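This report goes through one structure, from the contact between its chains down to single residues. Look at the sequence and the model first, then read on.

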Number of protein chains: 2
Amino acid sequence: MNGNVIVGQSGGPTSVINSSLAGVFKTAKDRGANKVYGMIHGIKGLLDRQYVELSDKLNTTMAIDLLKRTPSSYLGSCRYKLPEIADSRETYEKIFAILDELEIGYFLYIGGNDSMDTIKKLSDYAKETGSAIKFMGVPKTIDNDLAITDHTPGFGSAAKFIAATMKEIIRDGLVYDYPTITVVEIMGRNAGWLTSAAALAKSDDCEGVDLIYLPEKPFDVEKFIKKIRNLSKTGRSIVVAVSEGIKTADGKFVFELAEHVEFVDAFGHKQMSGTAKFLANKITAVLGLKARAIELSTLQRCAAHMTSRTDITEAYNVGGAAIKAAFEGETGKVVVLKRVSDDPYMCITELADVGKIANVEKKVPLEWITDDDYVAQDLIHYIHPLIQAELSPIMVDGLPRHLKVN
Amino acid sequence: MNGNVIVGQSGGPTSVINSSLAGVFKTAKDRGANKVYGMIHGIKGLLDRQYVELSDKLNTTMAIDLLKRTPSSYLGSCRYKLPEIADSRETYEKIFAILDELEIGYFLYIGGNDSMDTIKKLSDYAKETGSAIKFMGVPKTIDNDLAITDHTPGFGSAAKFIAATMKEIIRDGLVYDYPTITVVEIMGRNAGWLTSAAALAKSDDCEGVDLIYLPEKPFDVEKFIKKIRNLSKTGRSIVVAVSEGIKTADGKFVFELAEHVEFVDAFGHKQMSGTAKFLANKITAVLGLKARAIELSTLQRCAAHMTSRTDITEAYNVGGAAIKAAFEGETGKVVVLKRVSDDPYMCITELADVGKIANVEKKVPLEWITDDDYVAQDLIHYIHPLIQAELSPIMVDGLPRHLKVN
């Protein structure tokens, strides 16, 4: 083994991002790694020399098992885009000086497509300057919007939480003797993967949602109201799943049709909220029907008490495969998942060039969105195996136990 | 056994209201009941002759076990307040005619304080007219605002869901390297019991929430902003729990300070939303800090995937005790819970006169709300046993299984 390992987490957290961290740490140790460092708050923290030695923290098998069940990024995260190499060589010089000082041979970064940009730039710089450090990306995002990989770790658990709570919300909506209309807002800026998971609620014991709207297809407010009017004539309760990011034909976000406070994050993404609220108010205003809005909100990415065992295992595996590949000399790559069989479901890891993943956004194919405002059976079939099985929380004193950093 | 049994569910659903239904049904059957009917949509449905025979539905032990795990009211609910007897004798004549026709000897109603009003009126009418039918109330409400009973079935599971998700939200908020302020809105119109459950998040592995605001104490927006300003100087993330129903000193709801759509339900209660959103916007507007609002929303009353076993068992027991008491000749009573020991926690059922419970709202005692905008240790100690232990969902195809009515 040539040098130490350092691993960081970046971007929005998921319920299973720490399982990938566990996979990196455990596999590195099992394969004889010397020191395994963790960057605190990703590359941004590293620039301020913030890191921990993970062996000090993950020193029992219980700690590792708790880590797998702890939501949000154990090491802290950042939303920090590295400057272009040509624009700020001093940033790169500083990073590599710190890495050399820590005798790092292997640099792993767990994140989404913004974070893969970091791996791309660092490995480019290493190539350019002849550094021997290996750089590997470990995919995570609840949004499932990474290219090449069959799906992303983090998506399955978020999808399971969405489908499970949707079943509960549907049951809740059926309670009264008058129809209620419930509009549930699900995360997804440009890709509708998470929202389409609402379709999995439909089963022998559940009526399912009535309508599903993804950002991939233009949203027509008038048509929507008309559809609700027709459905409401059946006299039953209606549940609608909408992506926060649905847009009208002229490219305007539906939530922008309402008045509200807006701001932009470090990557230039608009922060949004209020799509469901806007639609529920519209239904009440135009049709005079009782409508409520529910935002599943942050729980989608942090409800570690309802994770998919399939997802936890795959998250662990992509972490383990990344450090294995780095030890074998790979660099500038991302571990991806390849579905080798659909039934029975089987998935293996492969390597992809980071340049093919960084900054690319994979959307739901239009043929998987049906004309009756729902999703195709193929899409349901695609998501179905990803929500299977559970990893029971370790309950202490009535509540799920997590691993605390300090 | 003199006659058949009929049972109904009323008011807002909880995660465990069906466990009380299971307790009524199973205990009635075990004690030799002939027919057990279920009113569809409570007393309102019964007036339209909507009912089912429960033995047809709950005909396997598996069905009963699924029923205990099914959120929301299995039989459907209503928000219908019976008219005063003197104002509408024909309504009562109609109800009693239907009951006589079905040869009902025992009438059980599972609900909150609005629903107990129904039991009170029906038992008053029975007394007045010499009817032998026994009327018993079975308490439920996530709000925990019923008088006399130590606590209400439904509260413990909602409290557990709130504490568990609060831990996850706190962990999520700590992720970034800049402080975020999260305002979490929790159900509770006039009573702050549910919001105070946020205090249970604090434990060895969790920092807990920073501030808790209940409707029992006037809320001062300026003081709140000042408090946030001071806390934000520590540079760490802040999580605040607020009741949806917090009010200013002049009795105005905080959410009324913002512009929004408002309407009133059948009991004259204002429908509210937007307290957390209003406060988060205020923080951003006045202090320029990043603040987000999360409404735990409907999930608080329907997240059957995260229930308290203590709560499920007690919900079952109050149902069973109610039918037992009715068989023994009691009427016009409600089953209440009495805590006979705190450590170890033990609770038994007793009977209380329905007149002492109907339409009375139990609030959090002011001495349990501390001057530093938090709750007293005594309050935490009171809630703590109610969230203990779990009833694992029966997972089928990756999702919690429920019992469907049809």
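In this predicted model, chain B and chain A bury about 5500 Å² between them, and carbon and sulfur atoms account for 57% of that area. Three residues, Glu168(B), Tyr176(B) and Leu399(B), supply 12% of the area that chain B buries against chain A, more than any other three residues. The contact is made by 66 residues from chain B and 66 residues from chain A.

**The interface between the chains**

Several elements of chain B each supply at least two residues of the side that touches chain A: helix H7 (155–173), helix H10 (275–287), strand S9 (291–295), helix H11 (299–302) and strand S15 (399–400). Of the side of chain B that touches chain A, H7(B) gives the most, with 10 residues. By residue type, that side of chain B divides into 26 nonpolar, 20 polar and 20 charged residues.

The number of salt bridges across the interface of chain B and chain A is 8. One salt bridge joins Lys44(B) to Asp177(A).

**The two domains of chain A**

Where they meet, 16 residues of domain 1 are in contact with 12 residues of domain 2. The two domains of chain A bury about 1200 Å² between them, with 57% of it on carbon and sulfur atoms.

Between these domains of chain A the count is 1 salt bridge, and Glu390(A) forms a salt bridge with Lys160(A). There are also 5 residue pairs in polar contact between domain 1 and domain 2 of chain A, both residues being at pLDDT 80 or more. The side of domain 1 that touches domain 2 of chain A has 6 nonpolar, 5 polar and 5 charged residues.

| Salt bridge | Closest N and O atoms |
|---|---|
| Lys44(B) and Asp177(A) | 2.9 Å |
| Glu390(A) and Lys160(A) | 2.7 Å |

**Two residues of chain B**

Is Arg401(B) buried or exposed? Arg401(B) counts as buried because its relative accessible area is 16%, and the cut-off for buried is under 20%. Arg401(B) lies in the segment after S15 of chain B. The side chains of Arg401(B) and Asp204(A) are joined by a polar contact of 3.2 Å. Leaving aside neighbours within four places in sequence, Arg401(B) is in contact with residues of chain A, namely Lys167(A), Ser203(A), Asp204(A) and Asp205(A), and with Leu66(B), Arg69(B), Ile394(B) and Val396(B).

Ile162(B) is found in helix H7 of chain B. Ile162(B) is also buried, with a relative accessible area of 0%. Not counting residues up to four places away in sequence, Ile162(B) touches Ile186(B), Leu194(B), Ala197(B), Ala198(B), Leu296(B) and Gln300(B). The C-alpha atoms of Ile162(B) and Leu200(B) are separated by 8.8 Å, while the two residues are 38 residues apart along the chain.

How values were computed:
Residues are numbered from 1 along each chain as its sequence is written. Chains are lettered from A and ligands numbered from 1 in the order in which they are written. This is a predicted model: local features need pLDDT of at least 70, side-chain atom pairs count only at pLDDT 80 or more; totals for chains, interfaces and linings use all residues. Side-chain values use heavy atoms; hydrogens and water are left out. Contact means heavy atoms within 4.5 Å. Buried area is the accessible area (1.4 Å probe) that two parts lose on being put together, summed over both. A salt bridge is a side-chain nitrogen of Lys or Arg within 4 Å of a carboxyl oxygen of Asp or Glu. Helices (H or I, at least four residues) and strands (E, at least two) are DSSP runs, numbered from the N terminus. Ala, Val, Leu, Ile, Met, Phe, Trp, Tyr, Cys and Pro count as nonpolar, Asp, Glu, Lys and Arg as charged, and the others, Gly among them, as polar. A polar contact is a pair of N or O atoms within 3.5 Å; within protein, one must be able to donate a hydrogen and the other to accept it, and residues adjacent in sequence count only if both atoms are side-chain atoms. Buried means under 20% relative accessible area, exposed over 50%, partly exposed in between (1.4 Å probe, protein chains only).
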